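This report describes a ligand site and a set of individual residues in a protein model. Please read it alongside the sequence and the coordinates.

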Amino acid sequence: MTLSTAVRQTHRWVSVVFTLTVVANFAAMGLGEPPAWIPFLPLLPLALLQLSGMYLFVLPYVARRRDGPPTT
Ligand code: HEM
């Protein structure tokens with residue numbers, strides 16, 4: 001597995017974890033005053049998504065540079 005494939009799959013699965021933490025936030029708030037740490041729960045997966053997402057974003061531009069300018 002290449003690094004870019006690994007980062008893409010990590011991004012995909014962390015996005016599922018992130019979504020679950022957001023759902024947990026709404027559920028906890030529906031049950032009354034949530035514990036103080038609950039709103040912070042999505043921040044770790046969100047930080048991982050930000051880093052892996054920025055990597056995925058620059059991939060096509062780096063690949064184009066490596067290939068050189070178009071010949072036709
Ligand atoms: C926080 C900043 C984020 C950045 C900078 C970012 C950036 C990106 C980029 C550049 C791609 C690749 C698009 C492509 O060329 O195909 C991508 C794919 C994707 N992103 Fe994000 N993303 C972020 C957050 C999220 C969040 C919050 C979610 C969902 C909860 C998410 C879910 C996905 C999914 C499911 C894919 C497709 C992955 C695949 O190819 O299987 N991302 N993202």
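The model is predicted, so local features need pLDDT of at least 70 and side-chain atom pairs count only at pLDDT 80 or more, while totals for chains, interfaces and linings use all residues. Residues are numbered from 1 along each chain as its sequence is written, and side-chain values use heavy atoms, with hydrogens and water left out.

**Ligand site**

The iron atom of the ligand has a single donor from the protein, which is NE2 of His11 at 2.1 Å. Donors here are N, O and S atoms within 2.8 Å of the metal (3.2 Å for Na, K and Ca); water is not among the atoms, so sites may look incomplete. Histidine 11 belongs to helix α1, residues 3–30. Helices are DSSP runs (H or I, at least four residues), numbered from the N terminus.

| Residue (polar side-chain atom) | Ligand atom | Distance |
|---|---|---|
| Arginine 8 | oxygen | 2.7 Å |
| Histidine 11 | nitrogen | 2.9 Å |
| Arginine 12 | oxygen | 2.5 Å |

**Surface patch**

Which residues form a nonpolar patch on the surface? They are Phe57, Val58, Tyr61 and Val62, and together they have about 390 Å² of accessible area. Such a patch joins nonpolar side chains (Val, Leu, Ile, Met, Phe, Trp, Tyr) within 5 Å, from residues with over 30% relative accessible area and no salt bridge. A salt bridge is a side-chain nitrogen of Lys or Arg within 4 Å of a carboxyl oxygen of Asp or Glu. Areas come from the Shrake-Rupley method with a 1.4 Å probe, and for residues only the protein chains shown count as cover.

Phenylalanine 57 sits in helix α2, residues 43–67. Phenylalanine 57 counts as exposed because its relative accessibility is 56%. Buried means under 20% relative accessible area, exposed over 50%, and partly exposed in between (1.4 Å probe, protein chains only).

Valine 7 is part of helix α1 and is buried, as its relative accessible area is 15%.

A polar side-chain atom of threonine 10 is 2.7 Å from the backbone oxygen of alanine 6.

Threonine 21 lies in helix α1 and is buried, with a relative accessible area of 11%. A polar atom of the threonine 21 side chain is 2.6 Å from the backbone oxygen of phenylalanine 18.

Proline 45 is in helix α2 and counts as buried because its relative accessibility is 8%. Proline 45 and tryptophan 13 are 32 residues apart in sequence, and their C-alpha atoms are 9.8 Å apart.

**Start of the chain**

Methionine 1 is in the segment before α1. Methionine 1 has 75% relative accessibility, so this residue counts as exposed. From methionine 1 to glycine 30, 29 residues along the chain, the C-alpha separation is 42 Å.

Methods: Patch = residues over 30% accessible without salt bridge, like charges linked within 9 Å, V, L, I, M, F, W, Y side chains within 5 Å. Helix = DSSP H or I, 4+ residues; strand = E, 2+ residues; numbered from the N terminus. Polar contact = N/O pair within 3.5 Å; in protein donor to acceptor, adjacent residues only side chain to side chain.
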